Amino acid sequence: MRKIFYLSLALFLCISNVVYAASASDIQPRPHEIKESGKFLTWTGEARIVADKSINTHIVAKLKNALNISDSKQGVKVIIGKRGDASVRKYNKHIPKKTEGYYLAVGAKEIVVAGNDERGTYYGVLSLAQMLEDNRLPIVEITDYPDVAFRGVVEGFYGTPWSFDARLSQIKFYGDNKLNTYIYGPKDDPYHRSPRWREAYPAQEAKNIMKLVQVANENMVDFVWAIHPGNDIRWTIDDRDALISKLELMYGLGVRAFAVFFDDISGEGTKAEKQAELLNYIDDTFIQKKGDVKPLVLCPTEYNKSWSNIEKGYLPTLGSELNKGINVMWTGDRVCIDITEGTLDWVNPHLQRPAYIWWNFPVTDYVRDHLLMGPVYGNDLNIADKVSGFVANPMEHA
């Protein structure tokens, strides 16, 4: 099996057994299956798009912009849609029954982009665009899907948070590279963390978050807003309700994915049974009842093996008491370390679920005199089925 790891695309973790022609090999991450013909379609930009009226307009716009499609409504027929759409119904048997999967076929007179869901269709468009070179498209069939459900970045470092413009640029980059997760959790945002996690964002900051959510949606990225109450939380009904109220405010800004961080704290906030009780309450009364919110994510206090004390029962308590739909983050055997099969085989039984990886690379908040950059190596390539998510923690220099 071909094993290739690219930094910006590592989280798609795809394996293939095929030989790639030059144009098809431009697709990143590498698809699961490509059937080459050795022939090419000359691309003029003239095309007739066939799609259901319900198709996401941002996907159509991406298609037109990426392929410079004119409005002539002539030329090659481009059929696009998701499973269940009338436009792609005849291709249903080719679409992988995998979340965010897609089937892509380029023929001499017809192009088909058929997703298992909306994001799958979007990823098919991205792959099609990556193959266009010198006004030629290879005549191919492609079947692809991600092996890891949640892939992207957690802005979770200490120091100056990213600017609004930097975040916009980052989110667009994630969308272009088939990453679907951006977790907002900069340690130096006082409304994310103490002392103001209970308070609403000021008007301009709230407006910025709404815009970030909008752009994330357009780029098929989940904007996950994290709250960090552990430094001064009181295990009272008042604080529980204050946290729910804050989540409601963020929901009102358009956020549809949430995380709760209890990392890097001491004292009262570190109690596993209290954390589990709070997270279950949030899951039961907020996440599940909304119906349109992604699974809840927890960053625990013991988030790596070297800081864990199994005898004291922190991780086993989370594993046994947390609702099974809640994802739990993990940085590995240490704070900054390669992610290996061994660390997952150790932690997953304690968590009673696949770990959600918080990969501390290339974060530099603990060493400020130089940037930590270089080739990626050391992460195991056979761990996709042992993780629920994989996000990298970057540096303050976006």
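Why does Trp359 count as buried? Its relative accessibility is 5%, so Trp359 counts as buried; the term means under 20% relative accessible area, with exposed over 50% and partly exposed in between (1.4 Å probe, protein chains only).

Before going on, note that this is a predicted model, in which local features need pLDDT of at least 70 and side-chain atom pairs count only at pLDDT 80 or more, while totals for chains, interfaces and linings use all residues. Residues are numbered from 1 along each chain as its sequence is written, and side-chain values use heavy atoms, with hydrogens and water left out.

**The whole chain**

Show the cartoon. The protein has eight helices and 14 strands; helices (H or I, at least four residues) and strands (E, at least two) are DSSP runs, numbered from the N terminus. The C-alpha atoms fill a box of roughly 65 × 45 × 45 Å along the principal axes. Of the 398 residues, 53% count as buried.

**Trp359 and Phe361**

Select Trp359 together with Phe361. Their rings form a stacked aromatic pair, 5.0 Å centre to centre with 25° between the planes. Rings of Phe, Tyr and Trp (its six-membered ring) pair if their centres lie within 6.5 Å; planes under 30 degrees apart count as stacked, over 60 as edge-to-face and the rest as tilted. Phe361 has 21% relative accessibility and therefore counts as partly exposed. The whole structure holds 17 aromatic pairs.

**An aromatic cluster**

Next, select Phe173, Tyr174, Tyr182, Tyr184 and Phe223, which form one aromatic cluster.

**Met329**

Move to strand 12 (residues 327–330), where Met329 is placed. Met329 is buried, with a relative accessible area of 0%. Show the residues that Met329 touches, not counting those up to four places away in sequence: Ile183, Phe261, Val297, Leu298, Cys299, Pro300, Tyr356, Trp358 and Val391. Here contact means heavy atoms within 4.5 Å. Then select Ser54, which is 275 residues from Met329 along the chain; the C-alpha atoms of the two are separated by 36 Å.

**Thr343**

The last stop is helix 8 (residues 341–351), which contains Thr343. Is Thr343 buried or exposed? Thr343 is buried, with a relative accessible area of 1%. Leaving aside neighbours within four places in sequence, Thr343 is in contact with Trp330, Gly332 and Asp333.
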